[in-house]
Structure formats: C-alpha cells, structure tokens
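Keep the sequence and the 3D view open while reading.

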Amino acid sequence: IILDTLEQLNLAESGSPELRTQVVKNLVALTKLIPGVSSTLQDTEELSQDFVIKKAIKLSNQELVNSPKVVTKRTLVFNYLAAVCLQMSDIDKDMLELVLTPLVREVSITSANNSELRTHAQEVMDIIKTKVADEMYSKTLLAIQLRITRVRGERTAKKKQNLIKNP
C-alpha cells in the first residue's frame, strides 16, 4: 500500500491540490504505522521508515533531473518530510542527514526560477531544527553542505578536464 501511495505522487501533477494534500496525508499515516506493522510481519526487511523516506526523496530527485522547472513532486515530498519529522519522537543523526540532504541541496541552488520552493525548503529545515538538538543539527548541516560543495567542485573540475581533452 505504501509503494502504491508513493506512485500516486507521480500522478499528483495532474491532480487537484486537495488530492495532492490527501496523498501526502495518507503517506504520513502509513509511515506512522510502519513500526507496528513490521513487528507483526516476518519478511519486512525492506519496510522501514528509512526505506519509505528514501523512495520519496528518489521521486523528488527524479523530478529535479527530468524537469527542474516543475516543482510539484518536490513540494509534496518536502511536505511529507516535514510531517514525518514532526511525528517522530526522536530523530537520529542518520535520519537527520537523510532528510536534510535534499532540502539543503534545494536551498543552495542559486537559480532564481524556484525561489518559492527554496523558501519552502528553508521552512521545512526550520521545522526539523526544532525537533533536534542544535549541535547535532549544525554538525549535520555543515557536513551536508561540505559534501555538496565538494561534489560540485569535483564535477566542475571533471568538466574542465573533459573540455581540455575533447575540445
């Protein structure tokens, strides 16, 4: 059911705003049920909150790659991440890093096209910040920013090398 609900996010672009909101609410409700369900099922190695969050983030990443000017799925995924984090009693470092990575990436994109999405991502980050210790949040945020900067630098250097090799 959870995977089917995630697939509904793919169809959300053509639906009404009420439908989009309902899909996110359903996904949050199903995500809250995962700990109870996984204790009753035997073969649920892949069913976890991490798994569902990674799938949702993957959808937003696919939208970013395939159609960067469309922000519907990313907005829905950011809403989902905020709601899930608000429902969690405690957020560990791994979960924080998983959730913050797409948000930090969106905030750090400098194009003027998606300023509304950037603002929304910053609001979600502020919500998450209230749920964790300041020190852990700062360290995780810094680590993510450094990793994103390093990857972008490596990508730029690789492009320059390819340009020199193949003019």
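## Helices α4 and α5

The crossing of α4 and α5 is left-handed. The model shown is a predicted one. In it, α4 packs against helix α5, which covers residues 93-108, at an angle of about 135°, and the two axes are 11 Å apart. Angles over 145 degrees would count as roughly antiparallel and those from 65 to 115 as roughly perpendicular; α4 and α5 are therefore oblique to each other.

On the α4 side, the contact is made by Arg74, Phe78, Leu81 and Cys85. On the α5 side, Val99, Pro102, Leu103 and Glu106 take part. Sorted by class, the residues of this contact are 6 nonpolar, no polar and 2 charged.

## Helices α1 and α3

A second pair to look at is helix α1 (residues 2-10) with helix α3 (residues 49-66), which pack at an angle of about 15° with their axes 10 Å apart. Because angles under 35 degrees count as roughly parallel, α1 is roughly parallel to α3. Their crossing is right-handed.

Helix α1 contributes Ile2, Leu3, Leu6, Leu9 and Asn10 to the contact, while α3 contributes Phe51, Val52, Lys55, Ala56 and Leu59. The contact of α1 with α3 has 8 nonpolar residues, 1 polar residue and 1 charged residue.

## The chain as a whole

How many helices and how many strands are there in the chain? The chain has 7 helices and 0 strands. Read from the N terminus, the order of elements is α-α-α-α-α-α-α. Along the principal axes, the C-alpha atoms fill a box of roughly 60 × 40 × 35 Å.

The chain has 167 residues, and 35% of them count as buried. Taking the contacts with a separation of 6 or more, 67% are between residues 24 or more positions apart.

## The nonpolar core

In soluble globular proteins, nonpolar side chains tend to be buried together. In this model, the largest nonpolar core has 42 residues. Leu9, Ile53, Tyr80, Leu100 and Leu103 are the residues with the most contacts inside this core. At least two core residues come from each of α1, α2 (17-40), α3, α4, α5, α6 (115-129) and α7. Which helix gives the most to this core? That helix is α4, with 8 residues.

Leaving aside neighbours within four places in sequence, isoleucine 53 is in contact with Tyr80, Leu81, Val84, Met95, Leu98 and Val99.

Alanine 12 is in the loop between α1 and α2. Is alanine 12 buried or exposed? Its relative accessibility is 2%, so alanine 12 counts as buried. Beyond its neighbours within four places in sequence, alanine 12 is in contact with Arg20, Thr72 and Leu76.

Valine 24 is 12 residues from alanine 12 along the chain, and their C-alpha atoms are separated by 10.0 Å. Valine 24 is part of helix α2, and with a relative accessibility of 9% valine 24 counts as buried. Apart from neighbours within four places in sequence, valine 24 is in contact with Leu9, Leu76, Asn79 and Tyr80. Between valine 24 and leucine 81, which are 57 residues apart along the chain, the C-alpha separation is 9.6 Å.

## Two threonines

Threonine 72 is in helix α4, which runs over residues 72-87. Residues under 20% relative accessible area count as buried; threonine 72 has 18%, so this residue is buried. With neighbours within four places in sequence left aside, threonine 72 is in contact with Ala12, Glu13, Arg20 and Glu63.

Where does threonine 140 lie? Threonine 140 lies in helix α7, residues 134-165. Threonine 140 is also buried, with a relative accessible area of 1%. Which residues is threonine 140 in contact with, leaving aside its neighbours within four places in sequence? They are Lys93, Leu96, Glu97 and Leu100. Leu100 is also among the residues with the most contacts inside the largest nonpolar core.

Technical notes:
Residues numbered from 1 in each chain as written. Predicted model: local features only at pLDDT ≥ 70, side-chain atom pairs only at ≥ 80, totals over all residues. Heavy atoms only, no water. Helix = DSSP H or I, 4+ residues; strand = E, 2+ residues; numbered from the N terminus. Buried < 20%, exposed > 50% of the residue type's maximum accessible area, 1.4 Å probe, protein only. Contact = heavy atoms within 4.5 Å. Axes fitted to C-alpha atoms, helices over the stretch in contact; angles between N-to-C directions. Left-handed = near helix turned anticlockwise from the far one by under 90°. Nonpolar A, V, L, I, M, F, W, Y, C, P; charged D, E, K, R; others polar. Core = buried A, V, L, I, M, F, W, Y, C linked by side-chain atoms within 4.5 Å.
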